[in-house]
Amino acid sequence: YQMGSDLQAALDNGEFQLYFQPKVGLHTGRPTSCEALLRWLHPQLGFISPAEFIPLAEDLGLINRIGRFVLEEACQQIARWREQGEEINVAINLSARQFQQGDIAEQILECLKQHNLPAHLLSVELTESCFLYCPEETKEALNTLRSQGIQVAIDDFGTGYSSLSYIRTIALDILKIDRSFLVNLEASEVDRAIVTSIIEMSHVLGLQVVAEGIEHQSQVTILKQMKCDQLQGFLLARPMPADAFINWYKHQN
Ligand code: G
Ligand code: G
Ligand code: NA
Ligand code: MN
């Protein structure tokens with residue numbers, strides 16, 4: 001089946017939609033922000049995971065168009081919520097190809113300006129692969145974004161093949177510990193040692209820590225003892241369409 005040619009048309013046909021999943025403060029229990037996650041509703045195949053179509057979009061040279069769509073939709077959504085009196089920080093995911101392009105920071109700043117939004121309402125999430133594939137472009141873009149007040153998070157931390165040295169030289173705000181280190185937290189002493197170390201290192205560096213993929217209360221209990229800062233996962237809430245998200249959000253406070 002040729003999913004690739006469908007991907008070309010999907011943008012024009014309005015088949016992409018953003019879902020939103022909250023991040024919650026571990027001590028307050030309150031939502032702090034949310035992550036925008038792209039969904040493709042294919043007319044024949046139903047929902048297709050971004051884990052499938054993002055790599056395809058990268059191969060086909062479509063990731064920059066998709067990335068612009070995500071940025072625009074996220075900013076529109078932040079603006080709509082703001083009009084309703086809710087200031088909610090939204091994090092978008094960026095792929096290495098978007099940094100490679102060289103003008104991602106300018107695109108983001110321009111979009112915020114067009115929607116008259118303060119920079120603190122947008123965050124970006126990137127994986128360590130960006131430091132492997134295009135370190136110079138990534139560093140420059142992150143410096144620009146951070147200097148303007150946009151928060152920067154490293155996603156899937158601990159699973160990349162890049163060296164850790166970027167963490168000394170690049171100013172960041174948030175580390176998101178990959179789900180794979182958290183799934184066996186209760187049973188695995190090794191995983192607990194790894195997670196404890198990541199949290200301690202992050203705090204020395206002045207970074208907030210988000211634990212991803214939290215599904216069980218036992219994980220919450222352990223992460224609280226470890227002084228983790230924020231949680232994200234199905235236990236708290238699944239990714240939701242914008243209307244469901246804001247409804248959930250308003251019932252949290
Ligand atoms: O939401 P889900 O678990 O299906 O996401 C699967 C993968 O796709 C995750 O690695 C997630 O970061 C990535 N992803 C989701 N939305 C986007 C997006 O808008 N842009 C990019 N580059 N990746 C995304
Ligand atoms: O790579 P990234 O962290 O952006 O990927 C987020 C992905 O993880 C999204 O596709 C989202 O749907 C998924 N996700 C979010 N919370 C959970 C969870 O508690 N369990 C599992 N298995 N997946 C989750
Ligand atoms: Na992410
Ligand atoms: Mn992740």
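Trainee: Which residue in β6 stands opposite E125?
Mentor: In this predicted model, A153 of β6 stands opposite E125.

Trainee: What makes β5 and β6 a pair?
Mentor: A pair needs at least two bridges found by DSSP. β5 and β6 are joined over five bridges, in the parallel sense, so they count as paired.

Trainee: How do you know that β6 and β7 pair?
Mentor: Three bridges join β6 to strand β7 (residues 174-177), and the two run parallel. The requirement is at least two bridges, so β6 and β7 are a pair. Within β7, L175 is the bridge partner of I154.

Trainee: Why do β2 and β4 count as a pair?
Mentor: The cut-off is at least two bridges, and strand β4 (residues 90-93) has two with β2, so they pair. The sense is parallel. C34 stands opposite V90 in β4.

Trainee: What joins β4 to β5?
Mentor: Four bridges join β4 to strand β5 (residues 122-127), again in the parallel sense. A91 has S123 of β5 opposite.

Trainee: What makes β6 mostly covered?
Mentor: Strand β6 spans residues 151-157, and six of its seven residues are buried. For each of those six, 20 or more other C-beta atoms lie within 10 Å of its own.

Trainee: Why is I66 called buried?
Mentor: The cut-off is 20 or more other C-beta atoms within 10 Å. I66 has 23, so I66 is buried.

Trainee: Where does I66 lie, and what does I66 touch?
Mentor: I66 lies in helix α3 (residues 63-83). Leaving aside residues up to four places away in sequence, I66 touches L11 and A57. The contact cut-off is 7 Å between C-beta atoms. As for Q98, I66 and Q98 are 32 residues apart in sequence and 9.9 Å apart in space, C-alpha to C-alpha.

Trainee: Which residues touch the most other members of the largest nonpolar core?
Mentor: That core has 63 residues, and those that touch the most other members are A74, V90, I92, I177, V209 and A211. Helix α3 gives the largest share of this core, eight residues.

Trainee: What does I177 touch?
Mentor: Not counting residues up to four places away in sequence, I177 touches F157, G158, L182, V195, I198, V209, A211 and E212.

Trainee: Which residues are around ligand 1, and which element gives the most?
Mentor: The residues are L37, L38, S49, P50, A51, I54, V70, N93, S95 and P239. β2 (31-42) and α2 (50-59) are the elements that give two or more of them. α2 gives the most, with three residues.

Trainee: Which residues surround ligand 2, and how do they divide by class?
Mentor: Ligand 2 is surrounded by Q21, L37, N93, D155, D156, E212, G213, I214, E215, G233, F234 and P239. The classes are four nonpolar, four polar and four charged residues.

Trainee: What are the confidence scores of the model?
Mentor: The protein chain averages a pLDDT of 96, and 99% of the residues score at least 70. The model scores ipTM 0.97 and pTM 0.97. Where pLDDT is low, predicted coordinates should not be read in detail.

Definitions and conventions: Residues numbered from 1 in each chain as written. Chains lettered and ligands numbered in written order. Predicted model: local features only at pLDDT ≥ 70, side-chain atom pairs only at ≥ 80, totals over all residues. pLDDT = per-residue confidence, 0-100. Near = placed C-beta within 6 Å. Nonpolar A, V, L, I, M, F, W, Y, C, P; charged D, E, K, R; others polar. Buried ≥ 20, exposed ≤ 12 C-beta atoms within 10 Å, placed from the backbone. Contact = placed C-beta atoms within 7 Å. Core = buried A, V, L, I, M, F, W, Y, C linked by C-beta atoms within 7 Å.
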